[in-house]
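Colleague: Please take a close look at one part for me, the contacts between the chains. What is on each side, and how is it put together?

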Amino acid sequence: MTNPIFWVGVLTLAAIYASLAMALNVESGWGGMWDLGIAGLLAAGSYCYVILTADPDLGMRFAPGLSMWVAWPLSALFTGLVAFAIGAPALRLRREYFLITTLAFAEIIRQLVVIQADFTRGTLGIPNINRPFDSFVTGRDYNYVLLGIAVVAAAVMYLVTRQVGISPFGRTLRAARDNEAVALALGKRVNRMRIKTFILAGVLIGATAPVYLFYIRAISPQLFAPGITFTVWTALVIGGLGSIRGGLAGAFVLIVFTEAVGLIEVDPSHINILVAIEPFLVGLLLVLVLRFRPDGLFSERSAFGAGNRAAGRSAGDSRPAGAAQGSGG
Amino acid sequence: MELVLDTVRKTFGGVVAVDDVSAVMPQDRVTALIGPNGAGKTTLFNAITGFDPPDRGSISFGDQRIDGLPPWRVAELGLIRTFQTPVGFTTLTVRESLLAAATPHFAETPVGALGLSRKARDHERASGDRAEEITAELGMAELLDVRTDELSAGDRKLLEFARSLMAEPKMLLLDEPAAAVAPANIGRLSQLVRRLCDERGLGSLIIDHNLSFLMQIADEVHVLDRGALLASGPPAEIAANPDVMRVYLGEDGAEGEGA
Amino acid sequence: MQNVVFGIVTGSILAVATLGFALVRQTENFLNIAHAQMMALGAFVGVVLVDTYGMNIFLAGAITVIGLGALGVVLSAVFFQPVRHQGGTVLLFTSIGLALMMYAAILALFGTQARFYPDVSGGLHRFAGIGIATNELVIIGLAFGSIAALQIFLNSTGLGRAIRAVASNDDLARVRGVPVRTVSNTIWFISSAFGAMAGVMLGVLGAVNTEIGWHNILIVLAAAVLGGLRSITGVILAGLLLGIMMDVSALFIPTAYRPVVAFGVLVAVLILRPEGILSVQRRKDAVVA
């Protein structure tokens, strides 16, 4: 219970989920694109990184054995490319269909990973992924290095997404989300902007993928089942969809909460219950937040200070129902 | 430069909404488009601005054919429309809405978001000043930091107008700009529309039910009835036209609306 | 040809599952992601009744279907009713939350070990060189029997007509005094019961494992979209088509690609046929905005 290494691991995982949730917020919170394909993008980035850096002795058909510092940015770019390939056709669809299409693409990617075993080792997976600096720091101390990497990645993600949010680009993105027709009537190239945003989210998720791999250490297709998409979404919804800090706060609350409950000592014969605790809590939190605090911990309103300066006109107002989830286009 | 409609036709499932309308609207004049409900005024707006392209006929602005172009492209050419139901960018403040309308394309990319371009920053600052000027002229300066979904319907209507001014228009297409606007502000609005036209050569094409408002500011009036052009001419001539009188008397309440 | 027969069996099950899903989509106006977990739950409850308590498969199936139908009504009242006013997106995400909780419950109650129905195939029949097992015939019969029963219910009873009224125009139905609460409960009962039935059928033909729900949600979504969500006939055809395509494709490409075929078809339909699905509606939205 008081093992510090355990908590270092929890915080590392939380920082990774925070990065993913903040990336998701750019496309879904501000862009209004309800992407259920996070797992697919994460898989694309992860497998790109793993294949580029894999040990040629593992017998994969393509193993250039690149340095991780070269492979890292390449994975980000590759994921951006995958995002473009998904987004260009999918963004022509209305929200509900967009959502189904992204979910379907994510599953296609995962199945392709299973099938293309020559390149990915399929369900066998790839163990012992190389991690940065692990020749200098070894053993348990490495967990602190990993925490450092994850926190730096989350901090960079925060700064980048915050800059996007407060920039004119982010503003037009939110405008087009609120009212596509008006944005078009003002000459905004809404679809092109959305594709760019989708690619940006892909690049950001692809850049996070290696950090996730450093933490997981071994890759296999089942890591990228839809479950991880739902966890990232839950983190973002808890934190507040559309707010700058939402993903960050939501991920820490969600991960610390679910992992801490995992500490409760359970009789080994009830191992099933232990396995079930995490999805149960993620689901429960999602349901409760949607019901009792649909704006999340931080609302979009607080993020952009809208209305706060107009004395008396909006103080204490809560957002109208329906607008809560980033009112649709 | 002028907006030219040549035998523009639009049908919805067999119902003719716009029936071979031909008209010339100078870019630097104020033109009013009137007619009873269902005459096809908004349909014509949607056809001009690319939201619902015509089935037949051609539309051009200056020497550019615009029928069949996507809405953003029509807007880029300088034809900026407003909407009858002023929903706007619900979660943005008035200031943000106005700035968003003025943001140039080169700032609207993920790389542009990094804020490195000096040109973009200067543009943003200039737009901020203009937003304050325009809202002051429309008497809504104190609303700059209020969210759009918290404005009254009348204020949202004014915001529609202000927003279109921010988008570097060559000609405005205003869909019922005076509806729901407080009488005092209608005065400001008509003065502004007139002054923009006289001083800066920025003309408008206006749909409204408030005929006294339109007759005051329009240089030319087109009357639509059941999709077809019934009459065109200066306001005084239109007011004396017996056909127009008949169309309007046949429909109750149209004249009183929005006053 | 043999694979076409397999495809028809798969497709009938898919049609039953999708019909339950589409019913909720049409009347409650959201995609209920938890629907496929109801299938998984059905498969497990059925296998426990048959395997552990030695119940007859038909009795077990009936108990499962009715019991889970009732559970569906309770879950809708607890989870969806309170957030209904917040609109489709909140409902959709609530259903994801519920799906996770149901998945957790399945894990906790039944464990991660795969389970199997005792062999109830009941012998192979041969028609012109094509083999079909008795249980497959029974599944096809039951599937179409229940779909026909639903069709009759919707068309010839007062409650059924009320459901169709709600499906075509919610507000109008409300104004006209349709018993919304009763209609809603009935819909949830039918939807969940159909999901559970599809689950039991899937279990009888294959292995019962905890991932059944996640594996099937996309196939159900694909069938629902293909069928256009509106007409019962459309959903049946889409289910059959998808089932046959998945099983026939196994002849030409490795079986591992089976799910990819379903998702590929879904994506292709969504992307190649956007005209039918969205364009008119989107224009209307744009102009009204």
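Modeller: Buried area is the accessible area (1.4 Å probe) that two parts lose on being put together, summed over both. Between chain B and chain A it is about 3,300 Å². Carbon and sulfur atoms give 61% of that. This is a predicted model: local features need pLDDT of at least 70, side-chain atom pairs count only at pLDDT 80 or more, and totals for chains, interfaces and linings use all residues. Residues are numbered from 1 along each chain as its sequence is written, chains are lettered from A and ligands numbered from 1 in the order written, and side-chain values use heavy atoms, without hydrogens or water.

Start with chain B. It puts 39 residues in contact (heavy atoms within 4.5 Å) with 37 residues of chain A. Polar contacts link 13 residue pairs, both at pLDDT 80 or more; such a contact is a pair of N or O atoms within 3.5 Å, within protein one able to donate a hydrogen and the other to accept it, and neighbours in sequence count only if both atoms are side-chain atoms. There are 3 salt bridges across this interface (a side-chain nitrogen of Lys or Arg within 4 Å of a carboxyl oxygen of Asp or Glu). One joins Arg171(A) to Glu124(B), at 2.7 Å from N to O. On the chain B side, at least two residues each come from α2 (71-76), β6 (79-81), α3 (94-102) and α5 (153-166) of chain B. By class, that side has 19 nonpolar, 9 polar and 11 charged residues.

Now chain C. Here 48 residues of chain C meet 44 residues of chain A. The two bury about 4,300 Å², with 77% on carbon and sulfur atoms. Phe93(C), Leu100(C) and Met101(C) lose the most area in chain C to chain A, together 14% of what that side buries. Salt bridges between chain C and chain A number 0. Polar contact is found for 1 residue pair, both at pLDDT 80 or more. Two or more residues each come from α3 (57-80), α4 (88-110), α9 (212-226), α11 (258-272) and α12 (274-288) of chain C. The largest share, 15 residues, is from α4(C). The chain C side divides into 36 nonpolar, 10 polar and 2 charged residues.

Note on methods: Helix = DSSP H or I, 4+ residues; strand = E, 2+ residues; numbered from the N terminus. Nonpolar A, V, L, I, M, F, W, Y, C, P; charged D, E, K, R; others polar.
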